[in-house]
Amino acid sequence: MPEERSFTVRDLAAKIGVSRATVSMALRNHPRLSEETRKRVQAEAAKLGYKPNALVSALMTQVRGRQLNRSGEVLAFLTAYTEKEEWQGAPTVRACFEGARTQAEQLGYRLEPYWLGPLGAHSAQVSRTLRARAVRGSILAPVPLDLGPVDLRWGSNLVVAIGYSFRQQALHRVTHNQFNGMLTCYERLRALGHKRIGLAMHREADERVHHYWMAGFYTGRQVHGGASVPMLFQGDWHNRPQDRVQFLDWFAKNTPDAIIGILPDLPLKWLKAEGVKVPSDVSYAGLDLDSSQVGKVAGVRQHSESIGAAAVDLVAGGLQRNDLRLPAHPQLIHLDGEWCEGQSMAAR
């Protein structure tokens, strides 16, 4: 049986009567070519059954990457807090930015912060600025849940979101795997013999992640067993006296032998202030440890730097394909955290 013919870029160029460079750019949807030329080349390639050589494509990606290193194309890091620099005070967002900036520099880009105005009020103006400065790719940082309408001229700028908080458009997004993080905490506590495991956090923390914290907790109890301790979801957590009283009332009524919480870990502070000994009286596991807690508090480190880096990778991949469109089938990348042992847990 004769071997199937494999067409090359050279063959396509000769068949259509254009240069190899034109064929290459057409297959990559390069904007320098007219839409008519791109469609004509792509139609002929499909008719001939042309398939790119994976090794050659990988090599050319590296070559183009080195060209990008010389151009220093800018990527935008978009924030929408009430104040311009407010995101700097959010440890998770700041870590995402640092990870994204490091990865961008390694790929030949420069990452610059842009403020969309209070709750996104200046987004249309920022979008015009990005277009004027030829910024084609952006990373949208976590945003407030009461965000106003955001207009970024979707389709002219490739936007990848961090987390689930932005819900106005279907975008590629990168996030911590909250479900697995919760399961890990619950399973570790059960392995130490805890039977009455409680979950206490501010309500918005669960709402911002599509209730994956809650889902992981319910699943952990279903899979690993344990008593049915009511979850405590509080409103605004600002260490107010009423928040502390509500938590201590919940703690007294339900007598958990272990608690799962989240930054700023107010239950841990309230327990210690009340004279409850951790971990001899009750164990504690955190869902998003910062570096200062490692070894002291047991729990999961989310490694937000890696989340920011992964977002840059998604943006860079789209820019190399010149694909700035809103995705028909958005990608969701979950990054697992790292379990860290700590002094806040003890066997029962």
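# Exercises on a predicted chain

The chain averages a pLDDT of 90, pLDDT being the predictor's confidence in each residue, from 0 to 100, and 91% of the residues score at least 70. This is a predicted model, in which local features need pLDDT of at least 70 and side-chain atom pairs count only at pLDDT 80 or more, while totals for chains, interfaces and linings use all residues. Residues are numbered from 1 along each chain as its sequence is written, and side-chain values use heavy atoms, with hydrogens and water left out.

## Exercise 1

Describe the open sheet and the helices that pack on it.

*Solution.*

Step 1. Helices (H or I, at least four residues) and strands (E, at least two) are DSSP runs, numbered from the N terminus. The chain has 12 helices and 12 strands.

Step 2. Two strands pair if DSSP finds at least two bridges between them. With mixed pairing, 6 strands form an open sheet in the order S7-S6-S8-S9-S10-S12. Its edge strands, S7 and S12 (338-340), each pair on one side only. From one strand to the next, the twist averages 15°.

Step 3. S9 and S10 (residues 298-301) run parallel and are joined by 2 bridges; Ala-285 stands opposite Ala-298 in S10. Helix H7 (residues 178-191) packs on the sheet and touches S6, S8, S9, S10 and S12. Contact here means heavy atoms within 4.5 Å. The direction of H7 makes about 165° with that of S8, where axes are lines fitted to C-alpha atoms, for helices over the stretch in contact, and angles run from 0 to 180 degrees between N-to-C directions. H10 also packs on the sheet, touching S6, S7 and S8, and its direction makes about 170° with that of S7.

## Exercise 2

Determine whether strand S6 is enclosed or open to its surroundings, and identify its pairing.

*Solution.*

Step 1. Buried means under 20% relative accessible area, exposed over 50%, and partly exposed in between (1.4 Å probe, protein chains only). Because 6 of the 6 residues of S6 are buried, this strand is largely enclosed by the rest of the structure.

Step 2. Ile-197, Leu-199 and Met-201 lie on one side of S6, and Gly-198, Ala-200 and His-202 on the other; both faces are covered.

Step 3. S6 runs parallel to S8, with 3 bridges between them, and Leu-199 stands opposite Ile-260 in S8. S6 and S7 likewise pair in the parallel sense over 3 bridges; Gln-234 in S7 is the bridge partner of His-202.

## Exercise 3

Which residues of helix H11 are buried, and what covers them?

*Solution.*

Step 1. In H11 (residues 266-273), the buried residues are Leu-266, Pro-267, Leu-268, Trp-270 and Leu-271.

Step 2. Their cover includes strands S6 (197-202), S7 (232-234), S8 (258-261) and S9 (283-286), together with helix H10 (241-254).

Step 3. After H11 comes Gly-275, whose phi is positive, near 90°.

## Exercise 4

Characterise the largest nonpolar core.

*Solution.*

Step 1. A nonpolar core is a set of buried Ala, Val, Leu, Ile, Met, Phe, Trp, Tyr and Cys residues joined through side-chain atoms within 4.5 Å. The largest has 28 residues, of which Leu-75, Phe-77, Leu-111, Ile-139 and Val-174 touch the most other members.

Step 2. Strand S1 (74-79), helix H5 (91-106), strand S4 (158-162) and helix H12 (304-320) each supply at least two residues of this core. H12 gives the most, with 8 residues.

Step 3. Apart from this core lies another, of 23 residues, among them Met-182, Ala-205, Val-209 and Phe-217.
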